[in-house]
Amino acid sequence: MKNFIFILILLSWNEIIAQINSTSQNPIKNSERTNKLLNFLQYQQGKKVLFGHQDDLAYGIGWKYKDTTSDVKKVVGSYPAVFGWEIGHLELGKSMSLDSVPFVKMREYIKEVYKLGAINTISWHLNNPVNGASSWDSTKGTIALLLPGRSHNRQFALWLDRVANFIHSLKDDEGNLIPIIFRPYHENSQSWFWWGKNENSDADFIALWRYTIDYLKRKKGLNNLLIAFSAANFDSIEDYESRYPGDDYVDIVGFDTYDKPEKWNYKAIMQKQLYLLQNIASSHKKIAAITETGSVTIQNPDWWTTILLPLLYNFKISYILVWRNARLDHFYAPYPGQGSANDFKKFFTDSLMLFQNGLSIEPSVYH
Ligand code: BMA
């Protein structure tokens with residue numbers, strides 16, 4: 001029995017040492033084009049706001065997987081400047097995302113975006129590695145079990161390997177890795193995902209964040225990642241920073257807040273959070289972004305120029321991203337004939353806004 005316990009202790013100790021070695025080696029520098037993207041975002045901030053849309057090239061209202069099609073482009077004649085992609089279920093070894101986008105197609109879209117000189121960002125609604133439930137699982141204490149030396153670390157590391165393999169396959173025609181804004185564990189200031197605020201201690205959340213980024217960057221050698229930290233609604237700088245993993249682990253600070261008239265006053269909450277975010281970004285020397293926003297089904301026909309645009313004028317924001325056009329009761333960008341399409345055209349031509357067509361007249365994003 002004594003020998004058995006000794007072996008067990010030795011095994012976990014070895015695992016901890018192996019993890020420490022694997023993550024503390026090879027401090028890795030961003031590739032030149034990744035740094036260029038960072039510089040570009042810094043340069044743009046306060047001048048123009050890049051417009052982004054989730055899954056823009058993959059599907060929209062009434063169509064799916066039609067090359068070069070985009071609801072945003074159908075309405076204004078240009079693609080967005082930022083494209084969001086969601087890799088949930090990649091960790092399970094599945095061939096398509098939880099939003100039914102085949103990963104082989106996503107890879108092609110990401111390459112296409114890069115060729116357009118536009119920007120890719122990836123979010124990850126990963127399942128709960130301990131019990132297999134979806135992201136929207138509120139079991140308490142999951143994170144602690146994923147950290148080095150704990151019961152589900154090996155399993156979790158396998159999931160990270162799958163993410164790393166996918167990101168590693170995102171290359172241009174010359175074989176260079178395409179820069180990606182990676183945005184894991186989002187909406188972390190609230191409690192609807194298993195990595196949520198009430199489900200885990202802040203210290204564990206920070207440890208998970210650092211472990212993940214170290215794993216991908218140092219252990220897996222990915223030099224093409226800018227890291228975006230996004231809260232959901234938050235109350236104060238202290239609230240936001242309570243889970244902030246440190247300046248070495250973040251390039252972009254943001255939050256996800258939607259216009260939900262039945263729940264809150266969007267304008268008021270945005271004013272407050274943007275003010276706080278701008279302070280956080282400037283004190284940490286980071287880029288500020290509205291990493292998700294929008295109004296589901298855009299019922300207000302003037303939403304773009306009367307609600308969103310004035311907020312963007314008041315603060316220094318690098319980019320915004322509206323969520324996906326999944327179905328008629330779940331879309332966030334207009335499509336031809338949609339009630340806010342005309343207003344979106346005005347928003348598009350506003351001198352503050354930057355879409356993909358305007359990127360060519362700005363300093364190059366990657367070179
Ligand atoms: C949510 C919804 C879901 C989707 C998830 C991950 O906001 O759009 O339908 O599965 O994001 O993209």
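A crossing of two helices is right-handed if the near helix is turned clockwise from the far one by less than a right angle. The close-ups below come from a predicted model.

**View 1. Helix α8 crosses helix α9 in a right-handed sense.** Helix α8 covers residues 266-284, and helix α9 covers residues 303-314. Their axes lie 10 Å apart, at an angle of about 20°. Angles under 35 degrees count as roughly parallel, so α8 and α9 are roughly parallel to each other. On the α8 side, the contact uses Tyr-266, Lys-267, Met-270, Gln-271 and Leu-274. On the α9 side, Trp-303, Thr-306, Ile-307, Leu-308, Leu-311 and Asn-314 meet them. By class, the residues of this contact of α8 with α9 are seven nonpolar, three polar and one charged.

**View 2. Helix α9 also packs with helix α10.** Helix α10 runs over residues 341-349. The axes of α9 and α10 are 8 Å apart, and the angle is about 30°. That angle makes α9 roughly parallel to α10. From α9 come Trp-303, Trp-304, Thr-305, Leu-308, Leu-309 and Leu-312. From α10 come Asp-343, Phe-344, Lys-346 and Phe-347. The contact of α9 with α10 has seven nonpolar residues, one polar and two charged. Trp-303 of α9 takes part here, and Trp-303 also meets α8. Leu-308 of α9 likewise touches α10 and α8.

**View 3. Helices α5 and α6 meet in a right-handed crossing.** Helix α5 spans residues 153-168, and helix α6 spans residues 202-219. Their axes are 10 Å apart and form an angle of about 50°. The two helices, α5 and α6, are therefore oblique to each other. Helix α5 contributes Asn-153, Phe-156, Ala-157, Leu-160, Asp-161, Val-163 and Ala-164 to the contact. Helix α6 contributes Leu-208, Tyr-211, Thr-212, Tyr-215 and Leu-216. Sorted by class, the residues of the contact of α5 with α6 are nine nonpolar, two polar and one charged.

**View 4. Eight named residues, among them Glu-86 and His-330, surround the ligand.** A polar side-chain atom of Trp-323 sits 3.0 Å from an oxygen atom of the ligand. For Arg-324, a side-chain N or O atom is 2.8 Å from a ligand oxygen atom. For His-330, a side-chain N or O atom is 2.7 Å from an oxygen atom of the ligand.

Methods: Residues numbered from 1 in each chain as written. Predicted model: local features only at pLDDT ≥ 70, side-chain atom pairs only at ≥ 80, totals over all residues. Heavy atoms only, no water. Axes fitted to C-alpha atoms, helices over the stretch in contact; angles between N-to-C directions. Helix = DSSP H or I, 4+ residues; strand = E, 2+ residues; numbered from the N terminus. Parallel < 35°, antiparallel > 145°, perpendicular 65-115°, else oblique. Contact = heavy atoms within 4.5 Å. Nonpolar A, V, L, I, M, F, W, Y, C, P; charged D, E, K, R; others polar. Near = heavy atom within 4 Å. Polar contact = N/O pair within 3.5 Å; in protein donor to acceptor, adjacent residues only side chain to side chain.
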